[in-house]
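The sequence and the structure are shown below.

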Amino acid sequence: MRNFISILVLALLPAAATAAERPDWAFPSPPPNPPVVFAPDDGMPKHVPGSTRAYTQKEIDAPMAAPDWFPNEHPPMPKVVVNGNGSTVRACISCHLSTGHGHPENSRLPGSTASYLARQLAEFKSGARKGGEAMIGFSKNMTDDEVRDATNYFAALPVLRWTRVVETSTVPKTYFRGNRRMPHPDGGTEPIGNRVIEVPEDSVRVMLRDPKSGFVSYAPPGSVAKGQLLVATGGNGKTVPCTICHGPTLKGIADVPGIANQSPMNIARQLYLFQTGERAGAWAPLMKQVVEKLNAEDIVNISAYVASLEP
């Protein structure tokens, strides 16, 4: 496997890449004007379906003591996963949830090996991988033991279906609440354009960090079929078939991560960051020829198709 990767790195080293087109839909945008007004926290205990536990919203949002709604449905959590380090590293599950699948603003962790996850932390720490300011800070403050414990925990978890893709020309109006795209409380719809709009299936449960409440990804009509062509064949030289490295079902091979059913927002961000060189590191050359000719529509189509697959 190591020899194969080395040969492929050399084969895929590109000439100078063309200017990348930023998929703005995949990145947080400024809050709406006028701003969305929320009712003040009532301080009452909150519940999610199927759990016997209760937390206040303040407890749910606590960075060093994340809620664990279903403690009997996962292996014992290392301290850094559930409590962070108490000061400079927040609890991993406060973003990635107890299942490791997180929300579109962060990455799904199951489906990757512990060594792959550890490498990403090392590349955040070294500055080779950008595009995740919070992770850069956390990685610099994690001990070797914490890295080992966290990556082993998340790599051992099963991969679950976490988003469903629906092709449509009209989508709900949305806004960003912090880093998270949400349906606008005033309702309404708008044309989808050249975007994938990923929103919670249940906005209330997502704000409660419910690890059983996933997402729906609205994609332009025909985008899944177009993405399948690019992913499977390379689109007559437009890109490189993803199956070469990620496997025939895109569920990963050895340390090459599984990407099937990943968040399309996350997929699009990573493709763009590979294009610009902001995501670098030991294996980044493998992705350069894959991404260098992709335009904004290609990124939409690939993201929609990959997200539509069974995990």
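## Charges over rings

Over the ring of which residue does the charged end of R177 sit? In this predicted model, the charged end of R177 is placed over the ring of F38, at 3.7 Å from its centre. A further case involves R119, which lies over the face of W283, 4.5 Å from the ring centre.

## Aromatic pairs

The structure contains 4 aromatic pairs. One of them joins F27 and Y272: the ring centres are 5.8 Å apart and the planes stand at 80 degrees, so the pair is edge-to-face. F27 belongs to the loop between α1 (2–12) and α2 (57–60), whereas Y272 belongs to helix α11 (residues 264–276), so this pair ties together parts that are 245 residues apart in sequence. Both F27 and Y272 are buried.

Y153 and F154 form another pair, with ring centres 5.0 Å apart; their planes are at 80 degrees, so this pair is edge-to-face. Y153 has a relative accessibility of 5% and therefore counts as buried. F154 is buried, its relative accessible area being 2%.

## Packing of α9 and α13

Helix α9 (residues 223–233) and helix α13 (residues 296–308) have axes that come within 7 Å and cross at roughly 95 degrees. The helices α9 and α13 are therefore roughly perpendicular.

From α9, the residues in contact are S223, V224, K226, G227, Q228, L230 and V231; they meet E297, D298, N301, I302, A304, Y305, V306 and S308 of α13. By class, this contact of α9 with α13 comprises 7 nonpolar, 5 polar and 3 charged residues.

Conventions
Residues numbered from 1 in each chain as written. Predicted model: local features only at pLDDT ≥ 70, side-chain atom pairs only at ≥ 80, totals over all residues. Heavy atoms only, no water. Phe/Tyr/Trp six-rings, centres within 6.5 Å; stacked < 30°, edge-to-face > 60°. Helix = DSSP H or I, 4+ residues; strand = E, 2+ residues; numbered from the N terminus. Buried < 20%, exposed > 50% of the residue type's maximum accessible area, 1.4 Å probe, protein only. Lys NZ or Arg CZ within 6 Å of the ring centre and 35° of its normal. Axes fitted to C-alpha atoms, helices over the stretch in contact; angles between N-to-C directions. Parallel < 35°, antiparallel > 145°, perpendicular 65-115°, else oblique. Contact = heavy atoms within 4.5 Å. Nonpolar A, V, L, I, M, F, W, Y, C, P; charged D, E, K, R; others polar.
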